[in-house]
Amino acid sequence: MQLEQAYRLYESMLTIRLVEETLVQEYPAQQIRTPVHLYVGQEAIAAGISLHLSDSDYVVSNHRSHGHSIAKGLDLGSFFKELYGKSGGCSSGWGGSMHLCDMDKGIAGTSAIVAGGIPIGAGLALKQQYNAEANITVIYFGDGAVDEGVFWETVNFTGLKKLPILFVQEDNGYASQTPSSQRHAYKNILPIVERFGLMTAELDGNDPLAVAATMGELIQKIRMGQGPGFVRCHTFRWYGHVGVEDDTHTGYRNAADVLSWRNRCPIKAMEKHLLVVDPVAASKKMKATEEIIAEKIRCALQSAKEAEYALD
Amino acid sequence: MPWTKLAADQSACRLDETCQDAGAGRMISYGEAIREAIQQSMELDPQVLVLGEGIDAAGFLYDTTAGLSERYGTRRVIETPIAEAAMTGVVTGAAVAGLRPVLMHMRNDFLLVSADQIVNHIAHWQKIFPCPNGLPLVLRAIVARGWGSGAQHSQSFHAMFAGLDGLRVVMPFTPYDVKGMFLSAVASPDPVLFLEHRWLYGDKAVVPSEPYLVPLDSATVRAIGSDITIVGMSLSNRDVQKAVETLRQEHAISAEWIDLRSIQPLDMKSIIESVQKTGRLLIAENGPVTMGIGAEISAAVTEQCWTCLKSPVKRIGWKGSTVPAGTKLEEQFYPGVREIIDEVKRIATYGK
């Protein structure tokens, strides 16, 4: 990976992390009155994919959409305003945390119904194919969404029409608190979706370099019209399904597992990489990047707090 | 934009149902009018795509899509899997991206398989996301009846979906309206649920051959009267029409007949104006009476013109929500001309 690209990947991941941590800090004040589903721990996936996307590529996301949207370029001011229910929010206050959107950035919409956005993504891709564009649609969903019939219907239609879609399964092992083992009759989804004509890959979703490299290759193939793709990214969310609490104490996740995943922080991995490939400047550059992001977040948060409430 | 031009041409030379010269008195059927409207919409705008299961199959969909794929190719006329939920999501995404898709559901009943997409996604999309170009999609669905079609092939969900203000719901009755309203539905920036009735496909009337628009939000007065207002919708209009005729000829009752046409939004203005004149109202629901659109009309009339009512608002419609299959059961289930006439006579003599 080029150094410049590596720094962009780092910046993207860190932006998501710092935004989410800001929410963790601010949420107890009860001024953000919308259920938040944090992306902390999963940053490498959205950042690694967005590295290869332009504003003309679409993303469709789910309830856990902060990371997907920010990586795709959602303005932080309009993001925070939306979460605060303020005027100037990306969905004018009507959406909240689970309905982020910015068509100019290709963020086509987010559905809070599990798998609800998946067929909508296929419709976006149908238009890209119809207009013979070289653009693609990325559809994000969790391991719970593949329990839904509409997921399989969409995979079938996508394979049938060879739509330019990248399906991204962020497999964090749990649908809310229910583990995959209690929901799936199969162990591995990949050979199944391959039967529908999808190119597949399986990834450590916490390895930013692997994510970026594999996604880059796959996205290029999809752009060239070689067919749709499906990536299963193993990852882990640090916080609970919803809210800003660590829910390990509730017992559905093993404390040792949580700790081992936390020790595999994608941002720490990226920092380590940068220190190796750019030993002289990395430390300083990363610090500067963090300061710039923190300042951006501070301004965006301030503007959201000061903005008027969105009214009808 | 081709649709803006069509609207402009329309206002320059308004074609209405009574204007015979434009179509030179050409008679075509309701089904042919739909096919012509689809074809003209595709001709007008290359962003119009039609999709559906059986869309390219001979004799399916009452020939309303016959010949389209030969003419426009399978990129624009898309045969689909039987996957109502996903396909409804697909047209939603296509509309978000700027196409104007039309999705065909062979029966109203099958719409419910895609209820998540319709209710949770389509009906809210324009509210929760900025949509400068709207969400221009059309969902066609057929209401059937008879020959034992029964519980899962005869339902009409106009009232159920009318509860969603982010979705237009229309039920055209005449060949003229079905063509003009279809073109308006495709032209509309809003999603439209376009409900057709199987029994209307053969009805013939004069239909202009050029494209024209009929509004998606207005009822129309089909017979002027002074003693009672009768509201019909889709097929129930057929019985209302006969009843109005008989009431005039045999019972000296002058009934005003309103064809609702649009279910969401409801054209309450036209209904209120009529009830202010007649003081009496009967709604002939093309569906179950309970929780039907007649209930909403009745509530709105009592809210808005209570003092002009001379008798209680009455409703007539299906006996329940489960449509039976047996021949005699069907006959008992659907009200007809006789029931409308009897109800009108009771209303007319209320308190006397």
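## Salt bridges

Across all chains, a search of the whole structure finds 30 salt bridges. The model is a predicted one.

In chain A, Asp143(A) and Arg183(A) form a salt bridge in which the closest N and O atoms are 2.6 Å apart. Asp143(A) sits in the loop between S3 and helix H6 (149-161) of chain A, and Arg183(A) in the loop between strand S6 (178-179) and helix H7 (190-194) of chain A, so the pair ties together parts that are 40 residues apart in sequence. Asp143(A) has a relative accessible area of 1% and is therefore buried, the cut-off being under 20%.

## Salt bridges in chain B

Lys127(B) forms a salt bridge with Asp165(B), with 3.5 Å between the closest N and O atoms. This pair links distant parts of the chain: Lys127(B) belongs to helix H6 (residues 115-128) of chain B, whereas Asp165(B) lies in the loop between H7 and strand S6 (168-170) of chain B, 38 residues apart. Lys127(B) has a relative accessible area of 40% and is partly exposed; Asp165(B), at 59% relative accessibility, counts as exposed.

Lys269(B) counts as exposed at 60% relative accessibility, and Glu273(B) as partly exposed at 44%. Elsewhere, Asp177(B), Arg222(B), Asp259(B) and Arg261(B) are joined into one network by salt bridges that share partners.

## A buried glutamate without a salt bridge

Glu330(B) is part of helix H12 (residues 327-333) of chain B. Glu330(B) is buried but has no salt bridge, and the nearest side chain of opposite charge, that of Arg145(B), is 6.7 Å away.

A polar atom of the Glu330(B) side chain lies 2.9 Å from the backbone nitrogen of Gly148(B). With neighbours within four places in sequence left aside, Glu330(B) is in contact with Gly146(B), Trp147(B), Gly148(B), Ser149(B), Pro324(B) and Ala325(B).

## Backbone geometry

Most residues other than glycine have a negative phi, and most peptide bonds are trans. Trp147(B), one of the residues in contact with Glu330(B), has a positive phi, near 55 degrees. Trp147(B) is found in the loop between S5 and helix H7 (158-162) of chain B and counts as exposed, at 85% relative accessibility. In chain A, Ala132(A) also has a positive phi, near 50 degrees. Ala132(A) is located in the loop between helix H5 (117-130) and strand S3 (137-142) of chain A; its relative accessible area is 68%, and it is exposed.

Gln264(B) and Pro265(B) are joined by a cis peptide bond, with omega about 0 degrees. Pro265(B) lies in the loop between strand S12 (262-264) and helix H10 (268-278) of chain B.

## An enclosed strand in chain B

Strand S4 (residues 100-105) of chain B is largely enclosed by the rest of the structure, because six of its six residues are buried. Arg100(B), Val102(B) and Met104(B) point one way from S4(B), while Pro101(B), Leu103(B) and His105(B) point the other way; all are buried.

S4(B) runs parallel to strand S2 (residues 48-52) of chain B, to which it is joined by five bridges. Opposite Pro101(B) in S4(B) stands Leu49(B). S4(B) also pairs with strand S5 (residues 138-143) of chain B, in the parallel sense and over four bridges. Val138(B) in S5(B) is the bridge partner of Val102(B).

## Nonpolar cores

The largest nonpolar core contains 84 residues, and those with the most contacts inside it are Phe151(A), Phe167(A), Ile271(B), Ile297(B) and Val301(B). Helix H4 (residues 84-96) of chain B contributes eight residues, the most to this core. A second, separate core has 64 residues, including Met13(A), Leu14(A), Ala47(A) and Ile70(A).

Within the largest core, Ile297(B) is among the residues with the most contacts. Neighbours within four places in sequence aside, Ile297(B) is in contact with Val231(B), Leu260(B), Leu266(B), Met268(B), Ile271(B), Leu281(B) and Ile283(B).

Terms used: Residues numbered from 1 in each chain as written. Chains lettered and ligands numbered in written order. Predicted model: local features only at pLDDT ≥ 70, side-chain atom pairs only at ≥ 80, totals over all residues. Heavy atoms only, no water. Core = buried A, V, L, I, M, F, W, Y, C linked by side-chain atoms within 4.5 Å. Buried < 20%, exposed > 50% of the residue type's maximum accessible area, 1.4 Å probe, protein only. Helix = DSSP H or I, 4+ residues; strand = E, 2+ residues; numbered from the N terminus. Contact = heavy atoms within 4.5 Å. Pairing = 2+ DSSP bridges. Lys, Arg positive; Asp, Glu negative; His and termini not counted. Salt bridge = Lys/Arg side-chain N within 4 Å of Asp/Glu carboxyl O. Polar contact = N/O pair within 3.5 Å; in protein donor to acceptor, adjacent residues only side chain to side chain.
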